[in-house]
Amino acid sequence: MNQFWQETKTYFKTAGFKKIFKRIGFFFLGVVVFFMLSSALLALYFNNNKAEIITQINTKINENITGKIDIGDIRYKFLKGFPNMTLALSQVELKDSLWAVHKRTLLKAEQIEIRIDLWDLLSNEINIDKIEIQKATLYLFKGKNGIVNTGIFKPKPKGKNSKSSTTSSINEIVLDQVHFISENQMGNKLFDFNVLALRSKVDFEDDNWHTKMYVKTLAKDMAFNTKRGSFIKDKIVEGVLFVDFSNQKNQISVATKNLEIGVELFDINAHFSLDKNKSPFDIVIKTSILWKDASKLLSANISSRINQFDLKKPINVGCTIVGDMNAEGDPEIVVTTNIKNNELTIPDGIFTDCSFGATFTNQYKKGAGCNDSNSTITLTEFSGKYKTIPFAIPIGIISNFEKTTAAGSFKSDFPVSRLNEIVNKNLMYFSDGKAEVNLDFKFDIKDLKIQKPLFTGSVAVKNATVNYGPRNLTFVKTEIQLDFTEQALLIKKINFKDRRNTVFMEGKIDNFLTLYYENPEKMLVNWDIYAPFLDVKQFVGVFTSSGKKAPKTKNKKDDFSDELYSVIEKSQMALNVKADKMVYSKLEATNAKATILLVNNKLIVKNGRVQSSGGIISFDGQLAPYRDNFLLESNAKIIRVDISRFLTSLNNFGIESFKPKNIKGFLTASASLKGTLLSGGQLKKNSLSGAAKFDVIHGTLNDFKPITNIGKFAFPFRNVNNIVFRDLSGNFKINGDLVDVNDLKVSSSVLNLDVNGVYSFNRGTNLAMTIPLRNPKKDEGIMDKNERAENRNKGIVLHLLAVDVDGKINIRWNKNHE
């Protein structure tokens, strides 16, 4: 190797090599001198023939146009494009013949360089080989009345043969900083591009040509419908396009791979017809892109909608745009994608593990136009999870973007405990059981909110346990069957336990879904409730207690719990209750029936009826929240109940002066009362007010101290310890612990007694008593009521007062009796 280098160095020093090197140097110097001299001669030729060349150029242009061209100056570009001649045209303006009408200049350029074939020029023929446009505006215009500024080229005379296109066509086009505008007011289309650079060499084959074009441009507007907004607005577009022209089809075809639009890459195939009257086009676009990045490339009317959604991973998208450049309205747009294992964000939450196919078209019904009202999104084989709940939508269609509707089917099958990931645990807590959902749905969408929903199908829950926190209500081992019909929601097979109560429920809600989303306060839930055993105090406490509210969720996208709680609280309920056995404190009843309405935490009872204490009690009433307690209003009728058992069960209404064991018989009474219930369902002491009347049949009074005390003095020979009543009736007005006694009439085996005045459960008793001393036994044989009444007050009559003195009842003479 070293020997080779030594021999090479030695050769370079020889006289022969130096002679060869000198000849090569003279050759290249000669070439340079030749080019210099040639260019100088061309410059000299141009300067000497400038007027003639300008005339030839104007003639060449004017042969083919009907408008006007203004060229400020023409200069020769020394050495550029040799051996051809390159001329620089400055301040060029090209206007059509109708410029005065539309005021749009077709071309305005600071400089246009054209390369002219030298040999043709020497033959007095101008053929442009290359054109380079710099700092120019190219404006294509079509007005609302159909007027255009592009009607500048003269039609080719029929039957006239031209020269070969290879000698008269432009072979190379270069654009630098060219503002291109295509405004079609008739079709509401606008294409506005700042072309930063464009390089194109054209190859001709007879009347056809093709080129490989490099382009870099700023897309200011690409509006197929200016009323809808622009695509790829303010994005840089850069790449290589393969463009072909077919003379037979009169069509330009464009194909490109990895075209950069912004920072995204696209594969595009497009065809544009050059027909004069109709200019159909079609564009096919394919890319892999993030949802948010795709939204940035779309028109405002589309991006404003889809920005409410997002997909975490890139998606493969295909888009086809078909339209006519000269036609009014939107082109047909079809977008397809097939998504696998992605994460979908919607305004109400996030769906994970999403897989589905989706197709968008703005011409769902052919011939109905390409517009929002004819636009649809079709989803197929949609599967995913919301939180931990799996679901599937075999088919779903979102239609009419002006009055949007959605329709399809929804299926899900999951353990009920997974609902704890969706619903606030303090509102509802789920354990055990399994749910199966099979629904068809249809609803309107306005401002991305559901309106007028219609669901048909069923939701089945088996062996579930649910606790409703605000009212501490536990549904155990529940089988729930929800049947959605077009008219109502049917709720079947529900039961709950609350300490002592076991309740079985079935319900119906008319127009459920519409009211749920729009007017929950108008929702009426009709329940049929059956209970083998019911503790009324606990039952009333559950349904009237304001309860504890579940804390609001911080994440607005997961506010389902707050919405559900609000609906439950605002809705109204009508409960048709039946109970085999029920208790209220010590009051026991059987065969209970009632209709209970729950409206804004107010409990209204209608047509209540129970069998208790050997008789029948019927009642209506209502409970309304007031501070920490509840206001009670009630109308009751009591028919032939055992008075001793009845008073015992009601704690004797708080009366201490006698005990239920003192009185026996059958009570018939009616009352209209108001009072206060404590939060546990217990009647607040001395809170009653209202009116009552009663009648006791076959009554006896045993060891009643006020009477036995009188009897010791007034009736020492009568049995006052066991008094049998033929008549015991009266009217009362109750106000707290005071009872106004009106016409209390006692007709008994010991004496007759009439009482009026005030009786107090505490202090303040003042009763006027009229007591005939005549022995009633003398009148037992008198069957005529009027005669018996006349005899009632014969003989000595005592007028006494029963007065409260220091908490004890004292008997004194009533000197001021009437």
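A negative surface patch in this model is made up of Asp203, Glu205, Asp206, Asp207 and Asp244. The structure is a predicted model, so please read every value below as computed from it.

**The negative patch**
- Asp206, one of the patch residues, sits in the loop between β6 (189–205) and β7 (208–223).
- Asp206 has a relative accessible area of 69% and is therefore exposed, the cut-off for that class being over 50%.

**A buried lysine**
- Lys189 belongs to strand β6.
- Beyond its neighbours within four places in sequence, Lys189 is in contact with Ser182, Glu183, Asn184, Ala223, Phe224, Thr226, Asp324, Met325, Ala327, Glu328 and Gly329.

**Salt bridge Glu93–Lys108**
- Side chains of opposite charge can pair when their charged atoms come close.
- Glu93 and Lys108 form a salt bridge, and their closest N and O atoms are 3.8 Å apart.
- This pair links distant parts of the chain, with Glu93 in strand β2 (residues 85–95) and Lys108 in strand β3 (residues 107–116), 15 residues apart.
- Both partners are partly exposed: Glu93 has 22% relative accessibility, and Lys108 has 48%.

**Salt bridge Lys233–Asp221**
- Lys233 and Asp221 form a salt bridge in which the closest N and O atoms are 3.1 Å apart.
- Lys233 is in the loop between β7 and β8 (235–246) while Asp221 is in strand β7, so their pairing ties together parts that are 12 residues apart in sequence.
- Lys233 is partly exposed at a relative accessible area of 41%, whereas Asp221 is buried at 17%.

- Lys492 counts as partly exposed at 32% relative accessibility, while Asp483 is buried with a relative accessible area of 17%.

Conventions: Residues numbered from 1 in each chain as written. Predicted model: local features only at pLDDT ≥ 70, side-chain atom pairs only at ≥ 80, totals over all residues. Heavy atoms only, no water. Patch = residues over 30% accessible without salt bridge, like charges linked within 9 Å, V, L, I, M, F, W, Y side chains within 5 Å. Areas by Shrake-Rupley, 256 points an atom, 1.4 Å probe, with all protein chains shown as cover. Salt bridge = Lys/Arg side-chain N within 4 Å of Asp/Glu carboxyl O. Lys, Arg positive; Asp, Glu negative; His and termini not counted. Charge placed at Lys NZ, Arg CZ, Asp CG, Glu CD. Helix = DSSP H or I, 4+ residues; strand = E, 2+ residues; numbered from the N terminus. Buried < 20%, exposed > 50% of the residue type's maximum accessible area, 1.4 Å probe, protein only. Contact = heavy atoms within 4.5 Å.
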